[in-house]
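Here is a short report on one protein model.

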Amino acid sequence: MTVYFIGAGPGAPDLLTVRAARLIATCPVVLYAGSIIPQEVLADCRDDAQVINTARMPLDEIEALIVDADGRGRDVARLQSGDPSIYSALAEQARRLHAHGIDYRIVPGVPSFAAAAAALGHELTVPTVGQSVILTRVSGRASAMPDGEDLASLGAATTTMVIHLAAHDAARVERELSVNYPPDTPVAVVAYASRDNEAIIRCRLHQLAESIAASGITRTAVIIIGDVLAAEGFPDSYLYSDDRPRDGEGRTIPCVR
């Protein structure tokens with residue numbers, strides 16, 4: 001028996017990986033959080049599958065379901081929104097499975113920041129403008145941020161930043177980012193990326209709280225800030241340069257110093 005922690009992506013069912021779709025269609029037990037996983041993602045579950053919405057379940061109950069499935073030798077598809085590597089609460093679940101000696105595997109999915117960038121039509125790294133991306137969130141009821149990981153501290157680099165789980169606290173985000181970023185720094189907010197109800201806001205930092213309040217967006221959104229969102233006049237990547245030495249298959253030949 002195996003538990004598959006499946007990255008269900010940002011919501012659009014056709015953004016599931018082939019592996020994820022296969023497991024959802026074949027596992028006899030499917031656990032999902034109905035508050036964040038659209039029903040369309042479950043369309044291909046087998047007819048006799050035990051499909052359980054865990055949105056209102058404490059972790060103890062979820063653990064008990066998995067232990068029961070293990071006792072019956074039934075594989076479990078545990079759907080996580082986006083990609084399980086960030087903000088998926090996978091660590092807490094995996095810790096309990098390890099204590100029971102239950103095998104688990106992780107299936108990557110399309111993360112929300114990638115879906116948001118696609119919705120905006122932007123690359124988040126642009127030559128000479130921004131080559132680093134900080135993925136973060138703000139403290140809340142779910143968990144506190146460690147010391148030194150508040151937005152004011154992380155913003156000292158003034159690089160591109162993607163802030164998760166913070167649309168409900170936009171005034172605080174604007175205030176803390178303003179410690180380092182100029183007020184006219186471009187910002188984008190993408191809610192429900194890839195879904196039919198996708199919504200996009202583009203504004204400047206000093207307009208962030210006002211713009212989000214006017215939109216009514218409070219959840220399932222990421223906030224992106226950085227000059228890459230309005231970059232112009234930057235040089236072509238070295239990847240396309242005629243000066244780049246290539247081998248017979250087009251790979252860069254390392255410089256020997």
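## Exposure and two reference residues

Buried means under 20% relative accessible area, exposed means over 50%, and partly exposed lies in between. The model is predicted. L135 sits in strand 6. Its relative accessibility is 33%, so L135 counts as partly exposed. L135 and I86 are 49 residues apart in sequence. In space, their C-alpha atoms are 8.9 Å apart.

G7 belongs to strand 1 (residues 2-7). At 1% relative accessibility, G7 counts as buried. G7 and T218 lie 211 residues apart along the chain, with 23 Å between their C-alpha atoms.

Five strands form an open sheet in the order 6-7-10-8-9. The pairing is mixed. Strand 6 (133-137) and strand 9 (199-204) stand at the edges. Each has a single partner strand, so one side of each is left without a neighbour in the sheet. Neighbouring strands are turned by 20° against each other on average, direction ignored.

Strands of a sheet pair through backbone hydrogen bonds, in parallel or antiparallel fashion. Strand 8 (residues 186-191) runs antiparallel to strand 9, and six bridges join the two. Within this pairing, V189 has I201 of strand 9 as its bridge partner.

## Strand 10 and its neighbours

Which strands pair with strand 10 through four bridges and through five? Strand 7 (residues 160-164) is joined to strand 10 by four bridges, and strand 8 by five. Strand 7 runs antiparallel to strand 10. Strand 8 also runs antiparallel to strand 10. Opposite I223 of strand 10 stands I163. Opposite I224 of strand 10 stands A188.

Strand 10 (residues 221-225) is mostly covered, with five of its five residues buried. In a regular strand, side chains alternate between the two faces of the sheet. Both faces of strand 10 are covered. A221, I223 and I225 are buried on one side. V222 and I224 are buried on the other.

## Salt bridges

Side chains of opposite charge can pair when their charged atoms come close. The count here comes to seven salt bridges. One of them joins the side chains of R46 and D48, at 2.7 Å from N to O. R46 has 32% relative accessibility, so it counts as partly exposed. Another salt bridge joins R172 and E176, with the closest N and O atoms 3.2 Å apart. These two residues are four apart in helix 6 (residues 170-177), which means that about one helical turn separates R172 and E176. E176 is buried, with a relative accessible area of 18%.

E63 and R96 also meet in a salt bridge, at 2.6 Å from N to O. This pair links distant parts of the chain. E63 is in helix 2 (residues 59-71), R96 is in helix 3 (residues 90-100), and 33 residues separate them. E63 counts as buried at 18% relative accessibility. R96 counts as partly exposed at 26%. D60 joins E63 and R96 in a network of salt bridges.

## The cavity between charged partners' helices

Rolling a probe the size of a water molecule over the atoms shows where empty space is left. How many cavities of 30 Å³ or more does a search of the whole structure find? The search finds one. The largest cavity has a volume of about 40 Å³. Its lining consists of L59, I62, E63, I66, Q93, R96 and L97.

Helix 2 and helix 3 each supply at least two residues of this lining. Helix 2 gives the largest share, four residues. By class, four lining residues are nonpolar, one is polar and two are charged. E63 and R96 are among the lining residues, and these two also form a salt bridge.

## The second largest pocket

The second largest pocket holds about 190 Å³ of space. Its lining has 16 residues. Which of them lie nearest the centre of the pocket? They are T158, Y181, T185, G226 and D227. By class, the lining has six nonpolar, seven polar and three charged residues.

Key
Residues numbered from 1 in each chain as written. Predicted model: local features only at pLDDT ≥ 70, side-chain atom pairs only at ≥ 80, totals over all residues. Heavy atoms only, no water. Pairing = 2+ DSSP bridges. Axes fitted to C-alpha atoms, helices over the stretch in contact; angles between N-to-C directions. 1 Å grid on protein atoms, 1.4 Å probe; cavity = no way out; pocket = protein on both sides within 12 Å on 5 of 7 lines; lining within 4 Å. Points joined across faces, edges and corners; volume = space filled by probe spheres on them. Nonpolar A, V, L, I, M, F, W, Y, C, P; charged D, E, K, R; others polar. Salt bridge = Lys/Arg side-chain N within 4 Å of Asp/Glu carboxyl O. Buried < 20%, exposed > 50% of the residue type's maximum accessible area, 1.4 Å probe, protein only.
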